[in-house]
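Hi everyone, thanks for making time this morning. I have a structure to show you, so let me put it up on the screen.

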Amino acid sequence: MKINELNIGKNYLYNFNMVITKQILNEFRGIKYVCMQGSSDRSLEFAIRLAKSFLKIDVKYFVPVNLLPTSKYKCYRVGDILSISHGMGNPSILSMLHDLSILMYFAGNYNCEYIRIGTSGGINIVPGTVVITKQAFMPNLVAGYKMSPLGRDIIYPTNMNLQLNARIIKAQPHDLGFKILEGNSIAADDFYLSQCRFDGAISPSYDEMNRKKYFEKIKELNILNFEMESTALASFCSRAEIPATMVAVTLVNRIEEDQIILTNDELEKFSLRSQEVILNYLKNC
Ligand code: R2B
Ligand code: URA
């Protein structure tokens, strides 16, 4: 992990509403794996699943403690694993990644891995398939993440860590019960127009024909899913030299549908698949 030297001496993390004290550093020391999910409820559920798998306790009597004194993000620790929420979209995950990485660095956790466990809209694949991202694309189909510091556009590389991907895939049992595919992802600016849906609140500037052509280009680039955070995650982690990747179950095949028409039970079952893949990996570590 490589952190901006100017941060030495910084002791307030605004987005975590946290002053870095010795006690805080002790709470976060020894973390090796950071698992992130959009929703704070899912981070809590995952912490309970981790406790059930690794601590061998009766989770009926176990309430994970949130380590962040802010309403923006929630964070739970189980052994050397953190389960943290990142909110929705690139700006939300990116702000969290800065505070988290400063904290990890000062706590001496220089070698931790970051994994986003998510949901997504699949492209030409059966819903329920889990996608592991190799490279993240912007909606204009450029592989990279554009930022404009001081008004000057810079496109940062967005490669996920392929060794980490290989370790995750290798850790899966033969009877997993669903498919895992490694491919590329698009991080869209929203759920609707940036993912070329027709069912948002504003009329789209495209029609079925243009959309078909766009989907054809997507397929040529081996892009398998749409979501909203992969470019920020990949570019941040490449620059900070943190091994990172994203594992996201697909809830819909966007070639066929815009709407996600799963029942709550199906949605829950599918969402748990990405967690299961990472749980298998962590058990193997
Ligand atoms: C996947 O699902 C969310 C949108 O509903 C978003 O955070 C993402 O990347
Ligand atoms: N998350 C997204 O961003 N898009 C989808 O279609 C499903 C989940």
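This is a predicted model: local features need pLDDT of at least 70, side-chain atom pairs count only at pLDDT 80 or more; totals for chains, interfaces and linings use all residues.

Let's begin with the inside. As a reminder, in soluble globular proteins, nonpolar side chains tend to be buried together. Here the largest nonpolar core has 42 residues. Phe16, Phe28, Met36, Leu100, Met104 and Tyr114 have the most contacts inside that core. At least two core residues each come from α1 (22-28), β3 (33-37), β5 (81-85), α3 (90-106), α6 (230-239) and β12 (244-253). And which element supplies the largest share? That is α3, with eight residues.

Setting aside neighbours within four places in sequence, Phe28 is in contact with Met18, Leu67, Leu68, Cys75, Arg77, Leu82, Leu103, Met104, Ala107 and Asn109. There is also a second, separate core, with 27 residues, and Ala51, Val78, Ile81 and Phe178 are among them.

Now for the pockets. The largest pocket has a volume of about 590 Å³, and 26 residues line it. Which of those lie nearest its centre? They are Met88, Arg116, Thr119, Ser120 and Leu251. The elements β6 (113-122), β11 (223-227), β12 and α7 (264-284) each give at least two residues to this lining, and β6 gives the most, with six. By class, the lining of this pocket has nine nonpolar, 12 polar and five charged residues.

The second largest pocket comes in at about 420 Å³. Its lining has 16 residues, and Asn4, His98, Phe236, Arg239 and Ala240 are the closest to its centre. The largest share is from α3, with four residues. By class, this lining has eight nonpolar, five polar and three charged residues.

On to single residues. Take Ile186, which sits in strand β10 (residues 180-187). Why does Ile186 count as buried? Because its relative accessible area is 0%, and the cut-off for buried is under 20%. The C-alpha atoms of Ile186 and Phe137 are separated by 4.7 Å, although these residues are 49 apart along the chain. Leaving out neighbours within four places in sequence, the contacts of Ile186 include Phe137, Met138, Pro139, Leu141, Tyr214 and Ile218. Asn225, Glu227 and Ser230 are also among the contacts of Ile186.

Arg211 is my other buried example, at 10% relative accessibility. This arginine is in helix α5 (residues 208-220). Not counting residues up to four places away in sequence, Arg211 touches Cys196, Arg197, Phe198, Arg254 and Asp258.

Last, a look at the backbone. Most residues other than glycine have a negative phi, and most peptide bonds are trans. Asn17, though not a glycine, has a positive phi of about 50 degrees. Asn17 is in the loop between β1 (12-13) and β2 (18-19), and is partly exposed, at 40% relative accessibility. Asn124 also has a positive phi, near 65 degrees. You'll find Asn124 in the loop between β6 and β7 (130-137), where it counts as partly exposed at 43% relative accessibility.

That's my tour, and I'm happy to go back to any part of it.

How values were computed: Residues are numbered from 1 along each chain as its sequence is written. Chains are lettered from A and ligands numbered from 1 in the order in which they are written. Side-chain values use heavy atoms; hydrogens and water are left out. A nonpolar core is a set of buried Ala, Val, Leu, Ile, Met, Phe, Trp, Tyr and Cys residues joined through side-chain atoms within 4.5 Å. Buried means under 20% relative accessible area, exposed over 50%, partly exposed in between (1.4 Å probe, protein chains only). Contact means heavy atoms within 4.5 Å. On a 1 Å grid over the protein atoms alone, a cavity is a set of points where a 1.4 Å probe fits but cannot get out, and a pocket is an open set with protein on both sides within 12 Å along at least five of seven lines; lining residues have an atom within 4 Å of a point. Grid points are joined across faces, edges and corners, and a volume is the space filled by probe spheres set on the points. Ala, Val, Leu, Ile, Met, Phe, Trp, Tyr, Cys and Pro count as nonpolar, Asp, Glu, Lys and Arg as charged, and the others, Gly among them, as polar.
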